[in-house]
Structure formats: C-alpha cells, structure tokens
Amino acid sequence: MSRKALEDTRFELIKAHILEPDNSPLNPEQQEILDRVISIAKVLDKNPIQKQAVAIHQVKFPELSRSQAYEDLRLAMRLFNTIHTFDYDFWQTWTINDIVRNIERCRNNATPQAYRVIAMEHANLIKILGERPAELEDPRRTEKHSFYILVQNNNTSVKIDMNNLEKLPAGTLQELNRALFGGKEITEAEAEELFRT
C-alpha cells in the first residue's frame, strides 16, 4: 500500500495540524514534510532568490540533501502562492476577459437589469484599468529643464549649471570652494556630509 503524498491530503487535515500540532491527524512523516515546507515558504517570502532560500533551508535542516531541499522549495511554491509566484498579468487579463464576456451576454439579453449589470461591469473595468492620466509623464523631462546651483556671496548671485559643473576647470572649482567655505579646505568627511544633505 502506497503512502499518501502531502499534496493529496485533505485541506481540513492540514489545517487541523497547523491549528493544533499536538493532536495532529497527519502521520509523523507528513508532519515533518509539512513543517519543512512551511519553513521554506516563510524563507521564500523574505528571500525570493531560490538558491539563497535553499541554502537557508539547508542550514535550518542540516540533514537534508540539496535535491530534497529543492523538492521542498518546489512543493512550497505549489502549495503556498506568494507574491513572488503570483502572476498578476494573467489575473488581470482573465478578469478583463471575464468582464467583457459578461457585457456581451448582457447586451444580447437587452433587459433593464442587463443594462444595470453592463453599467456595473463598466465601473469594474475602470477600477481595473484605472482612469486615463491627464498628462502622460515624459521620461525625458529632466533633459528639457536646466538645473542650477545658486551661489550667493557678498550680495552677488551666481548661477552654476549642474550639467556643466564637472566640466569646470580645476582652478575654477577651487575658487568656488574658497568662496563657499571662506578659503579653508574641507575634509573628505565634510564633503560627504555636504553630499548627504
């Protein structure tokens, strides 16, 4: 007689084991497998890179072979869908297609109730797709604008173009440094502090 695999076990039995592990209806082998699978599923949530998740899993369970650790990983990904394995594009496409089919059926019905359903389904489509943005973001917006550093010294203002700052000669940069910091040289720590602020 073959043993029942964990995947073939009824959901209620697994739920009973999770809620009350001391009085578990699962046999000891299934309990051990389920505990390992739950453990690697939690690791996978924090570490989505499978190779790293398996390495951490093997540290937690040193008696496991590498192939068994990968088998636990595959089982965890099948049993516990996480944000890393959920296919949002498939879900959104399926939902949109379902809404479109509902609208087509209701149009064929042509009753007042069907028109109400069509209006509700249109509202659902707007929720899924979102409203059209008033103006599309321009990915090259920063290229269209010039950014300046405004330096004021003794009631004199000088605009320095950020794009041309690295092109300035070394002597000019030193003069700028003297004007900004009163002639004293700044240390590397002070420069790092300036860049952080």
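Where does alanine 110 lie? Alanine 110 sits in the loop between H5 and H6. The model is predicted.

**The loop residue**

Most residues other than glycine have a negative phi. Alanine 110 has a phi near 55 degrees, a positive value in a residue other than glycine. Its relative accessibility is 45%, so alanine 110 counts as partly exposed.

**H5 against H6**

Two packed helices are described by the angle between their axes and the distance between the axes. Helix H5 covers residues 88-109, and helix H6 covers residues 112-129. They pack at an angle of about 160 degrees. Their axes are 9 Å apart. That angle makes H5 roughly antiparallel to H6, because angles over 145 degrees count as roughly antiparallel. The crossing of H5 and H6 is left-handed.

Which residues meet here? H5 brings Gln92, Thr95, Ile96, Ile99, Asn102, Ile103, Cys106, Arg107 and Asn109. H6 brings Ala114, Val117, Ile118, Glu121, His122, Asn124, Leu125, Ile128 and Leu129. By class, the contact of H5 with H6 has ten nonpolar, six polar and two charged residues.

Isoleucine 118 belongs to helix H6. Is isoleucine 118 buried or exposed? Isoleucine 118 has a relative accessible area of 7%, so it is buried; the cut-off for buried is under 20%. Leaving out residues up to four places away in sequence, isoleucine 118 touches Ile103, Cys106 and Arg107. Glutamate 104 is 14 residues from isoleucine 118 along the chain, and their C-alpha atoms are separated by 8.7 Å.

**H2 against H4**

Helix H2 spans residues 28-46. Helix H4 spans residues 66-79. They pack at an angle of about 75 degrees, with their axes 8 Å apart. H2 and H4 are therefore roughly perpendicular to each other.

From H2, the contact uses Ile33, Arg36, Val37, Ile40, Ala41 and Leu44. From H4, it uses Gln68, Ala69, Asp72, Leu73, Leu75, Ala76, Met77 and Leu79. The residues of the contact of H2 with H4 divide into eleven nonpolar, one polar and two charged.

**Salt bridges**

How many salt bridges are there? The count comes to four. The table gives details for some of them.

| Salt bridge | N to O distance |
|---|---|
| Arginine 36 and glutamate 32 | 3.2 Å |
| Glutamate 71 and arginine 74 | 3.3 Å |
| Arginine 101 and aspartate 98 | 3.6 Å |

Arginine 36 and glutamate 32 both lie in helix H2. They are four residues apart, about one turn of the helix. Arginine 36 is buried, with a relative accessible area of 6%. Glutamate 32 counts as partly exposed at 43% relative accessibility. Glu32 and Arg36 are also linked with Asp72 in a network of salt bridges. Arg36 and Asp72 both take part in the contact of H2 with H4.

Glutamate 71 and arginine 74 are three residues apart in helix H4, so about one helical turn separates them. Glutamate 71 counts as partly exposed at 34% relative accessibility. Arginine 74 counts as partly exposed at 41%.

Arginine 101 and aspartate 98 both lie in helix H5, three residues apart. That spacing is about one turn of the helix. Arginine 101 is partly exposed, with a relative accessible area of 38%. Aspartate 98 counts as partly exposed at 26% relative accessibility.

Notes: Residues are numbered from 1 along each chain as its sequence is written. This is a predicted model: local features need pLDDT of at least 70, side-chain atom pairs count only at pLDDT 80 or more; totals for chains, interfaces and linings use all residues. Side-chain values use heavy atoms; hydrogens and water are left out. Axes are lines fitted to C-alpha atoms, for helices over the stretch in contact, and angles run from 0 to 180 degrees between N-to-C directions. Helices (H or I, at least four residues) and strands (E, at least two) are DSSP runs, numbered from the N terminus. Angles under 35 degrees count as roughly parallel, over 145 as roughly antiparallel, 65 to 115 as roughly perpendicular and the rest as oblique. A crossing is left-handed if the near helix is turned anticlockwise from the far one by less than a right angle, and right-handed if clockwise. Contact means heavy atoms within 4.5 Å. Ala, Val, Leu, Ile, Met, Phe, Trp, Tyr, Cys and Pro count as nonpolar, Asp, Glu, Lys and Arg as charged, and the others, Gly among them, as polar. Buried means under 20% relative accessible area, exposed over 50%, partly exposed in between (1.4 Å probe, protein chains only). A salt bridge is a side-chain nitrogen of Lys or Arg within 4 Å of a carboxyl oxygen of Asp or Glu.
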